Amino acid sequence: MVTAHGQETDNDPYASPTTWREWTRFVDTDPPCLPGTGPWSAEERLDYHSRFVILSTPIMAKISLTLRRLMILNRRHNGTARRGLLISGPPTTGKTTTLQQLGRSFDLADRARHDSPGERLPVVFLSVPPAATPKMLVSELARFLDLPIGKTMNQARITDIVCGALRDLATQLVLVDDVHLLNTRTRIGAETSDQMKHLSERIPATFVYAGVAIEASPLLTGSRGAQLAGRFKMVRNPPLAYGSTEQRTAWEGLVRGMDQALRLQAHRPDALTRHAAYLHQRTGGRIGSLSALVREAAIAAILDGTEKITKQLLNDIDLDELAEQNTRPAPRA
């Protein structure tokens with residue numbers, strides 16, 4: 001499914017949440033949230049096409065099912081290490097979007113099960129800061145929770161406050177993005193990795209880590225890495241292939257979802273879907289690159305007045321450098 005999020009100009013509800021208020025706004029922004037009921041202005045349609053994102057991918061169902069089993073298993077936690085999930089893949093394959101949508105789905109389901117959802121915070125979302133230290137990491141969690149942390153507080157005190165708050169809020173899912181930034185070959189990186197392990201042991205929640213090529217990163221090296229690998233499942237989120245009939249069907253379904261979400265005045269049904277093979281070749285099956293290409297093409301079509309996406313328009317748009325280097329065909333002699 002492809003959708004757009006709400007029309008907020010000051011605070012983008014789909015931006016990566018850094019506080020519980022931002023996370024709540026992200027969860028509360030019901031898709032699809034389309035402007036008005038009458039004719040859309042060009043500005044409304046520009047805003048819409050800058051926001052809509054791919055919410056359902058072939059890997060999403062697998063990750064969701066695996067996570068559900070792990071969370072049920074962790075409910076029967078008997079003192080041994082809780083199990084967790086690693087989501088790994090190359091850049092621009094939709095790892096962060098997958099992480100956020102998993103959290104959103106679980107948060108909404110948790111609210112439906114409880115009479116007083118305002119007293120709970122079932123999901124916490126955290127991005128690992130660059131060059132993170134153990135105190136920085138736990139302070140980021142404190143900032144997410146809007147806890148009053150003094151500058152003179154030491155790491156242990158902040159950790160106690162954060163863990164107590166998350167237990168009181170019945171947090172069940174902790175999502176940690178950009179874990180590839182943790183370099184456990186350095187002293188600080190190793191200590192920060194230890195801090196994450198300590199948090200996972202003290203907070204009665206399931207932890208999900210996402211990052212670029214985690215299996216090749218320092219995070220899984222050495223004794224610390226072996227301990228992490230022994231407790232976490234790995235789900236790989238590679239670019240989508242286009243070889244078999246099943247793979248082509250999945251990719252074409254993804255493109256069709258974007259086709260149906262377009263709001264261009266001269267757009268015809270399946271005009272984008274007919275270019276599914278070309279779109280795979282241009283993007284290398286990377287969901288982030290696909291989303292960026294289609295959204296920019298839609299914006300270009302509105303600005304130039306054609307109000308439709310053609311193959312020529314798609315070809316005229318430069319993608320991210322990774323996609324351009326790997327997928328654009330060489331010019332003919």
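Leaving aside its neighbours within four places in sequence, which residues is Asn74 in contact with? Figure 1 takes up that question.

Figure 1. The model is predicted: local features need pLDDT of at least 70, side-chain atom pairs count only at pLDDT 80 or more, and totals for chains, interfaces and linings use all residues. Residues are numbered from 1 along each chain as its sequence is written, and side-chain values use heavy atoms, with hydrogens and water left out. Asn74 is in contact with Arg82, Arg83 and Thr206, leaving aside neighbours within four places in sequence. Contact means heavy atoms within 4.5 Å. The side chains of Asn74 and Thr206 are joined by a polar contact of 2.8 Å. A polar contact is a pair of N or O atoms within 3.5 Å; within protein, one must be able to donate a hydrogen and the other to accept it, and residues adjacent in sequence count only if both atoms are side-chain atoms. Asn74 belongs to helix H3, residues 58–75. Helices (H or I, at least four residues) and strands (E, at least two) are DSSP runs, numbered from the N terminus. Asn74 counts as buried because its relative accessibility is 9%. Buried means under 20% relative accessible area, exposed over 50%, and partly exposed in between (1.4 Å probe, protein chains only).

**Figure 2. The whole protein.** The protein has 13 helices and seven strands. Of its 333 residues, 46% are buried. Among contacts with a separation of 6 or more, 73% come from residues 24 or more positions apart. The accessible surface comes to about 16100 Å². Carbon and sulfur atoms hold 52% of that surface. Accessible areas come from the Shrake-Rupley method with a 1.4 Å probe; for residues, only the protein chains shown count as cover.

Figure 3. The protein has four cavities of 30 Å³ or more. A cavity is a set of points, on a 1 Å grid over the protein atoms alone, where a 1.4 Å probe fits but cannot get out; lining residues have an atom within 4 Å of a point. Grid points are joined across faces, edges and corners, and a volume is the space filled by probe spheres set on the points. The largest cavity holds about 110 Å³ of space. Its lining includes Ser193, Asp194, Tyr209 and Arg231. Helix H7 (187–202) and helix H8 (222–229) each give two or more residues to this lining. H7 gives the most, with five residues. By class, the lining has four nonpolar, three polar and four charged residues. Ala, Val, Leu, Ile, Met, Phe, Trp, Tyr, Cys and Pro count as nonpolar, Asp, Glu, Lys and Arg as charged, and the others, Gly among them, as polar.

**Figure 4. The second largest cavity.** This cavity has about 60 Å³ of space. Leu126, Leu137, Leu141, Val174, Val176, Met196, Leu199, Ile203 and Phe207 line the second largest cavity. Two or more residues each come from helix H5 (134–145), strand E5 (173–177) and H7. The lining has nine nonpolar residues, no polar ones and no charged ones. Met196 also lines the largest cavity.

**Figure 5. Thr98 in helix H4.** Thr98 sits in helix H4, residues 95–113. Is Thr98 buried or exposed? Thr98 counts as buried because its relative accessibility is 3%. Not counting residues up to four places away in sequence, Thr98 touches Met60, Ile63 and Asn237.

**Figure 6. Arg21 in helix H1.** Arg21 is part of helix H1, residues 20–28. Its relative accessibility is 44%, so Arg21 counts as partly exposed. The side chains of Arg21 and Asp146 make a polar contact of 3.1 Å. Arg21 and Leu145 are 124 residues apart in sequence, yet 8.6 Å apart in space, C-alpha to C-alpha.

**Figure 7. Two residues with positive phi.** Most residues other than glycine have a negative phi. Ala213 is not a glycine, but has a positive phi of about 45°. Ala213 lies in the loop between strand E6 (206–212) and H8. Asp270 has a positive phi near 65°. Its loop runs between helix H9 (245–261) and helix H10 (276–283). Ala213 is partly exposed at 31% relative accessibility, and Asp270 is partly exposed at 39%.

**Figure 8. Ser289 and Asp320.** Ser289 is found in helix H11, residues 287–303. Ser289 is buried, with a relative accessible area of 0%. Ser289 and Asp320 are 31 residues apart along the chain, and their C-alpha atoms are separated by 7.0 Å.

Methods. On a 1 Å grid over the protein atoms alone, a cavity is a set of points where a 1.4 Å probe fits but cannot get out, and a pocket is an open set with protein on both sides within 12 Å along at least five of seven lines; lining residues have an atom within 4 Å of a point.
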